[in-house]
Amino acid sequence: MIRWRKSPDEEPLRKLGEAIAGLQSEMSRALRDGFQELRRQNGELRQELGGGLGGRLGELHEELRELRGALSLVREDVAATRRENEALRQELRAACREAAEGRTGPRKAGRTTRNALLAPPAHAAAEAGPAAEPEADEATPGQRLERAAGVGAAELVCHRDSWAFIVEQAARNAHFRVPGEVSAGDDGRTRVIVSGRSLMAILTALDAVRHQGPGGDPGDCALATKFYERIAEVVDTVRPDGGEGEGQAARGRERQRTVIVIDDRPGPP
């Protein structure tokens with residue numbers, strides 16, 4: 001019978017195989033523990049992210065509700081402002097109609113209207129007395145505006161500084177139009193052709209400045225009063241062109257252009 005004898009190299013090989021098996025077992029266990037730790041950490045991260053995002057989303061929803069409430073209040077304020085502006089426009093239209101018809105009357109307290117601006121100061125009426133009446137040719141403020149509106153083109157002659165003051169005051173009026181050409185002379189005087197619509201705006205603006213009360217600038221009041229009176233003197237004399245009663249000769253001849261001169265000169269010695 002033949003017996004196999006172990007080779008002297010089999011023992012190291014066996015030990016090496018056992019070491020490899022033990023190493024594989026340890027590696028498997030380490031990997032398994034590592035995966036479990038990763039799963040645990042992943043779960044914790046999900047919980048943290050879920051809780052943080054949920055809280056932040058709640059805060060964003062709350063801020064959005066507050067913004068919507070603020071936007072609703074702004075819309076209500078805008079709607080109220082529009083209603084007030086429309087009421088002011090209607091009141092101004094009514095005041096303009098009354099001023100055009102030459103009527104004056106009390107308006108709603110706390111509102112400044114064109115009719116109030118066109119009315120004479122109370123102290124002037126008191127000084128004039130109950131028997132004081134306007135002259136035959138003197139027009140009321142409303143009639144003066146109507147006559148100014150009927151002027152096709154008026155030539156305004158004044159110093160360029162005076163014209164700059166008139167433009168500064170009348171530019172805020174919706175009916176004022178800046179003339180396209182302004183001719184200046186060597187003596188500093190300018191000649192400007194203004195329409196009746198602009199003339200009406202100039203009268204309205206100057207009348208408002210001269211009636212602005214004690215709190216106004218005295219220089220502005222003096223300029224506005226002087227310019228208004230000079231323009232009013234000429235506007236009160238205008239009449240419709242070619243009206244009845246003027247005769248055939250008046251209708252046939254060329255009418256003179258309306259000329260307004262603001263230039264005081266020394267009187268005779």
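1. Basis. The model is predicted: local features need pLDDT of at least 70, side-chain atom pairs count only at pLDDT 80 or more, and totals for chains, interfaces and linings use all residues. Residues are numbered from 1 along each chain as its sequence is written, and side-chain values use heavy atoms, with hydrogens and water left out.

2. The sheet. Four strands form an open sheet in the order β2-β3-β1-β4, with mixed pairing. Its edge strands are β2 and β4 (258-261), each of which pairs on one side only. From one strand to the next the twist averages 20°. Helices (H or I, at least four residues) and strands (E, at least two) are DSSP runs, numbered from the N terminus. Two strands pair if DSSP finds at least two bridges between them.

3. Pairing of β3. Strand β1 (residues 153-159) pairs with β3 in the antiparallel sense over 7 bridges; A153 has S195 in β3 as its bridge partner. Strand β2 (residues 182-184) also runs antiparallel to β3, joined to it by 3 bridges, and V182 stands opposite V192 in β3. The hairpin of β2 and β3 has 4 residues between the strands, and G188 there takes a positive phi near 90°.

4. Two faces of β3. Side chains alternate along β3 (residues 189-195). Buried means under 20% relative accessible area, exposed over 50%, and partly exposed in between (1.4 Å probe, protein chains only).

5. Helix α5. This helix (residues 160-170) lies across β1, β2 and β3 and runs at about 120° to β1. Axes are lines fitted to C-alpha atoms, for helices over the stretch in contact, and angles run from 0 to 180 degrees between N-to-C directions. The buried residues of α5 are S162, W163, F165, I166, Q169 and A170. Seen down the axis of α5, they fall within an arc of 155°, so they line one face of the helix; the arc is that of the directions from the helix axis to the C-beta atoms. The face turned away from that buried side carries the exposed residues D161 and E168. Cover for the buried residues of α5 includes β1, β2, β3, α6 (196-210) and α7, where contact means heavy atoms within 4.5 Å.

6. The aromatic pair. A search of the whole structure finds 1 aromatic pair. The ring centres of F165 and F227 are 6.0 Å apart and the planes stand at 70°, so the pair is edge-to-face. It links distant parts of the chain, with F165 in helix α5 and F227 in helix α7 (residues 218-235), 62 residues apart. F165 and F227 are both buried. Rings of Phe, Tyr and Trp (its six-membered ring) pair if their centres lie within 6.5 Å; planes under 30 degrees apart count as stacked, over 60 as edge-to-face and the rest as tilted.

7. Helices α4 and α7. Helix α4 (residues 141-149) packs against α7 at an angle of about 70°, with the axes 10 Å apart. That makes α4 roughly perpendicular to α7 (under 35 degrees counts as roughly parallel, over 145 as roughly antiparallel, 65 to 115 as roughly perpendicular and the rest as oblique). R144, R147 and A148 in α4 meet Y228, A232 and V235 in α7.

8. V178. This residue sits in the loop between α5 and β2. V178 counts as exposed because its relative accessibility is 61%.
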